[in-house]
Amino acid sequence: MAEGRRQYQAGGWNACNVAGVSMEDHRVRFPDASYCIADNNQTVDTTRCTGNAETYTDSDTTEGAINVKGLPAGTYTLVETVAPVLHELPDAADAWYTFTISEDGVASDIADAKGGTTMLTDASGTSMNTIGDTRATGSATWKKTDIAGNALGGSTWKVTFCPDSSPNSCDEPVTITDWAPTDGSATHTECSATWACDTDSAAGSFKLTSLPWGTYTPVEQKAPNGYVADTTPRTFTIVRSKAADPIDATQLAKDVGSTENEISITSLPMTGGEWTPRNVALIGISALVLAAVSYGIVKRRRRG
């Protein structure tokens with residue numbers, strides 16, 4: 001699952017430095033997170049929240065970085081109270097982090113609830129402790145219909161995913177089959193561990209959930225019985241196509257629209273292909289035009 005991390009650097013006199021970065025690209029900082037410092041009994045002291053104009057304010061002007069200075073010696077608990085845009089706060093059991101300020105003003109690494117610490121290096125080469133935030137995931141929907149707009153069940157698709165962290169290195173295509181349960185099931189249990197799964201129980205309706213950030217290209221591989229597949233690629237993006245792009249919250253849920261299938265007619269002799277009413281109509285019109293031209297030529301010759 002795609003995640004983002006907030007970084008913390010212990011250093012300076014009675015100081016605790018804080019920054020946020022992405023797990024996919026540790027050089028990318030995320031702004032707009034808020035934190036509170038609590039006593040060791042994990043009771044939040046709101047007077048110690050970042051942004052307070054009187055005490056424990058953020059002195060770092062770098063976007064996504066927090067530097068709280070002047071902390072007295074002792075043990076502190078840190079909790080994130082507002083996640084960056086399109087990120088989710090950790091579960092309550094994992095939300096608390098601790099650090100200490102020694103009597104001589106040295107700040108320790110920041111440890112998670114299990115006592116673990118993680119060090120990452122940002123673009124400037126500064127090594128910091130990190131705290132992880134999970135990215136919000138997206139969703140996409142589309143419909144399969146005939147040319148009259150009636151829903152068609154039973155199609156199969158191939159979807160290629162290119163993550164925003166490596167847009168030029170796409171995953172292998174995955175198969176998505178129209179899920180239309182006959183037992184009245186409302187939840188597709190096979191989708192609990194993967195995004196590559198249709199969660200919409202209506203025949204001809206597709207919904208993919210838990211989509212990581214990046215670009216997706218669905219292509220119909222198998223049409224419903226009696227119809228011809230429309231193999232037009234239908235590319236869409238969840239949040240952003242590459243890590244250098246800004247985060248776009250309007251792209252978290254995408255409606256890809258409807259795709260139509262034409263009725264298949266049994267292959268004509270010696271053609272080796274599948275035919276639709278449109279193909280047959282075009283051939284019929286062409287034959288009529290050719291017959292009319294031939295008739296005109298014959299008629300002129302007789303007059304001559």
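Student: Why does Lys242 count as partly exposed?
Tutor: The model is a predicted one, and in it Lys242 has a relative accessibility of 39%. Buried means under 20% and exposed means over 50%, so Lys242, at 39%, counts as partly exposed.

Student: What makes Lys242 and Asp245 a salt bridge?
Tutor: Their side chains meet at 3.1 Å, N to O. The criterion asks for a side-chain nitrogen of Lys or Arg within 4 Å of a carboxyl oxygen of Asp or Glu, so the pair of Lys242 and Asp245 qualifies. Asp245 is partly exposed, with a relative accessible area of 22%. Salt bridges with shared partners also join Arg135, Asp164 and Arg240 into one network.

Student: How many salt bridges does the structure hold?
Tutor: The structure holds five salt bridges. One of them is formed by the side chains of Glu220 and Lys144, at 2.7 Å from N to O. This pair links distant parts of the chain: Glu220 belongs to strand β15 (residues 214-222) and Lys144 to strand β11, 76 residues apart.

Student: Are Glu220 and Lys144 buried or exposed?
Tutor: Glu220 has a relative accessible area of 0%, and the value for Lys144 is 0%. Buried means under 20%, so Glu220 is buried and Lys144 is buried. Another salt bridge joins the side chains of Asp230 and Arg234 at 2.8 Å, N to O; both Asp230 and Arg234 are buried.

Student: What makes Cys162 and Cys170 a disulfide?
Tutor: Their S to S distance is 1.9 Å. The cut-off is 2.5 Å, so Cys162 and Cys170 are joined by a disulfide. The structure holds two disulfides.

Student: Why is the disulfide of Cys162 and Cys170 called right-handed?
Tutor: The torsion about the S-S bond of Cys162 and Cys170 is about 90 degrees, so this disulfide is right-handed. Cys162 is buried, with a relative accessible area of 13%, whereas Cys170 is partly exposed, at 37%.

Student: What is the handedness of the disulfide of Cys191 and Cys197, and why?
Tutor: The sulfur atoms of Cys191 and Cys197 are 2.1 Å apart. The torsion about their S-S bond is about -70 degrees, so the disulfide is left-handed. Both Cys191 and Cys197 are buried.

Student: Why is the pair of Phe161 and Trp195 called edge-to-face?
Tutor: The ring centres of Phe161 and Trp195 are 6.0 Å apart, and the planes stand at 70 degrees. Centres must lie within 6.5 Å for a pair, and planes over 60 degrees apart count as edge-to-face; the pair of Phe161 and Trp195 is therefore edge-to-face. Phe161 is in strand β12 (residues 156-163) and Trp195 in the loop between β13 (174-177) and β14, so the pair links distant parts of the chain, 34 residues apart. Both Phe161 and Trp195 are buried.

Student: Which residues form one aromatic cluster with Phe161 and Trp195?
Tutor: Tyr216 and Phe236 form one aromatic cluster with Phe161 and Trp195. The count of aromatic pairs comes to eight.

Student: How many bridges join strand β11 to β14?
Tutor: Five bridges join β11 (residues 138-146) to β14, and the two run antiparallel. Pairing requires at least two bridges, so β11 and β14 pair. Trp142 stands opposite Phe206 in β14.

Student: What makes Thr145 buried?
Tutor: Thr145, which lies in strand β11, has a relative accessible area of 8%. The limit for buried is under 20%, so Thr145 is buried. Beyond its neighbours within four places in sequence, Thr145 is in contact with residues including Asn150, Leu152 and Glu260.

Student: What share of the residues of the chain counts as buried?
Tutor: Of the 304 residues of the chain, 38% count as buried.

Key
Residues numbered from 1 in each chain as written. Predicted model: local features only at pLDDT ≥ 70, side-chain atom pairs only at ≥ 80, totals over all residues. Heavy atoms only, no water. Buried < 20%, exposed > 50% of the residue type's maximum accessible area, 1.4 Å probe, protein only. Helix = DSSP H or I, 4+ residues; strand = E, 2+ residues; numbered from the N terminus. Contact = heavy atoms within 4.5 Å. Phe/Tyr/Trp six-rings, centres within 6.5 Å; stacked < 30°, edge-to-face > 60°.
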